[in-house]
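Me: Hi! I have a structure open and I'd like to talk it through. Can you help me look at it?

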Amino acid sequence: MTLEILQRYLRDLEANDAFSGVVRVAVGEDERFAGAYGFASRAWGVRNTLQTRFDTASITKLFTAVAALQQVDAGAFGLESRAIGYLGLEGTAISPDVTVRHLLTHTSGIGDDADEEAGESYEAIWRDRPNYSVIETADFLPQFVHRAPNFAPGQGCRYNNCGYVLLGLMVERATGRPYRDVVREDVFAPAGMAASDFLRMDRVNERLAEAADPIHDDAGGIVGWRRNIYSYPPIGSPDGGAHVTAADLDRFMRAVRDGRLLSPGLTEAFLAPQVVCEVRDGWTQHFGYGPSFRVDDDGALVFLEKEGINVGASGLVRLYPGRDLTVVMLSNLEKGVWAPIGMAHEMVIAGAFD
């Protein structure tokens, strides 16, 4: 299976408005494939490039996890530290027994602001609350702290966005700095992610992919394009919304692997499964301290990854440790990366990038 096959496949998706974004595959520091497709601005016909920055959605949780684990390394709090006591949030619906470990591994059981696994829409939050009023990390608290828990801490596994909001608040209390500044200074800078930042949607930003999802008619044809400016807050937060290039996201994964962001013990822990969560499509999903993991039937790690999805944004970074191979896909379409990652995975397994 040659790389030209992947290129043709992506060009076909692009031609059918099914993919807009970037794909990058690297083995170690050696870039094996890189391509940009579709439009950064459909209104002006500006095309995406490999230097375009994309909304990472929930991939941002990786940066939050590292920032929190850095504070574990620093001794500000531990993996077994109780979040509510540390933050002084007694009197909420969140159990006082929820720990940092629970928050990192989606085993806290706390109520989310939008329980997407139960069919709730994150967009629906902003029908009654102006999205521009949620800027700082603490602004999210009224949306979830009084929601009933799904289970007792450690007694289940359920993907949770607001657990990472609490981690962001703990980082702020530990450092005395705003969350976004901590990530810029303590994660992006040492990882060499010079192009990455938290960019406000209500400002003019250079080299930014503008989100636009297709509007379909009853026959499935595209009759227009919809922006996402009312779909979530105007700037990223601990649970999602940082903007990166594909190369910067690869630099982040390499910085973690090389031990440049965390101590040896926490580096090892970050790159390893921590809890068994669920069986998905015939394989068992494990969660860790940020990433999720696919383990084969023999218990061998196939890959670790983090996905992100929101209106007008989808992304994925996947590391195949045995091959030292990283796949990065970023798109300014909500459904952009899900078809191409299947093709890329087949090619990895077939040795096309070796």
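Me: Which way do α2 and α7 cross, left-handed or right-handed?
Reply: α2 passes α7 in a left-handed crossing. Keep in mind as we go that this is a predicted model.

Me: Okay! Which residues make the contact there?
Reply: From α2, the contact uses L62, F63 and V66. On the α7 side, L249, F252, M253 and V256 take part.

Me: And what's the angle between the axes of α2 and α7?
Reply: They cross at roughly 30°, and the axes come within 12 Å. Angles under 35 degrees count as roughly parallel, so α2 is roughly parallel to α7.

Me: Why talk about both an angle and a distance?
Reply: Because two packed helices are described by the angle between their axes and the distance between the axes.

Me: Let's stay on α7. Is it mostly buried or exposed?
Reply: Of its 12 residues, 11 are buried, so α7 is largely enclosed by the rest of the structure. Among the buried ones are A246, A247, D248 and R257.

Me: How does the span of α7 compare with what you'd expect?
Reply: Helix α7 covers residues 246–257 and should span 16 Å at 1.5 Å a residue. Its end C-alpha atoms are 17 Å apart, which agrees.

Me: What comes just after α7?
Reply: There you'll find G259, which takes a positive phi of about 75°.

Me: I clicked on D250. Where is it, and is it buried or exposed?
Reply: D250 sits in helix α7. Its relative accessibility is 0%, so D250 counts as buried.

Me: What does D250 touch?
Reply: Not counting residues up to four places away in sequence, D250 touches R24, A26, G28, T326 and V328.

Me: New topic! How many disulfides are there?
Reply: A search of the whole structure finds 1 disulfide. C157 and C277 are the pair it joins, with an S to S distance of 2.3 Å.

Me: Where are those two cysteines in the chain?
Reply: C157 lies in the loop between α4 and α5, while C277 belongs to strand β9. They are 120 residues apart, so to speak a link between distant parts of the chain.

Me: What about the handedness of that link?
Reply: The link of C157 and C277 is left-handed, with -105° about the S-S bond.

Me: How exposed is C157?
Reply: C157 has 21% relative accessibility, so it counts as partly exposed.

Me: And what's going on with C162?
Reply: C162 is in no disulfide. The nearest cysteine sulfur is that of C157, and it is 16 Å away. C162 is buried, with a relative accessible area of 0%.

Me: Which helix has C162 among its buried residues?
Reply: That's α5, whose buried residues also include Y164, L167 and E172. In α5, 11 of the 14 residues are buried, so this helix is largely enclosed by the rest of the structure.

Me: What do the buried residues of α5 pack against?
Reply: They pack against α2, α3, α4 and α6.

Me: How far does α5 reach?
Reply: From its first C-alpha to its last, α5 reaches 20 Å, close to the 20 Å expected at 1.5 Å a residue. Just after α5, G176 takes a positive phi of about 75°.

Me: Last one: where is L208, and what is it in contact with?
Reply: L208 is in the loop between α6 and β6. Leaving aside neighbours within four places in sequence, L208 is in contact with A40, T52, R53, L199 and H243.

Conventions: Residues are numbered from 1 along each chain as its sequence is written. This is a predicted model: local features need pLDDT of at least 70, side-chain atom pairs count only at pLDDT 80 or more; totals for chains, interfaces and linings use all residues. Side-chain values use heavy atoms; hydrogens and water are left out. A disulfide is a pair of cysteine sulfur atoms within 2.5 Å. Helices (H or I, at least four residues) and strands (E, at least two) are DSSP runs, numbered from the N terminus. Buried means under 20% relative accessible area, exposed over 50%, partly exposed in between (1.4 Å probe, protein chains only). The expected span of a helix is 1.5 Å times one less than its number of residues. Contact means heavy atoms within 4.5 Å. Axes are lines fitted to C-alpha atoms, for helices over the stretch in contact, and angles run from 0 to 180 degrees between N-to-C directions. Angles under 35 degrees count as roughly parallel, over 145 as roughly antiparallel, 65 to 115 as roughly perpendicular and the rest as oblique. A crossing is left-handed if the near helix is turned anticlockwise from the far one by less than a right angle, and right-handed if clockwise.
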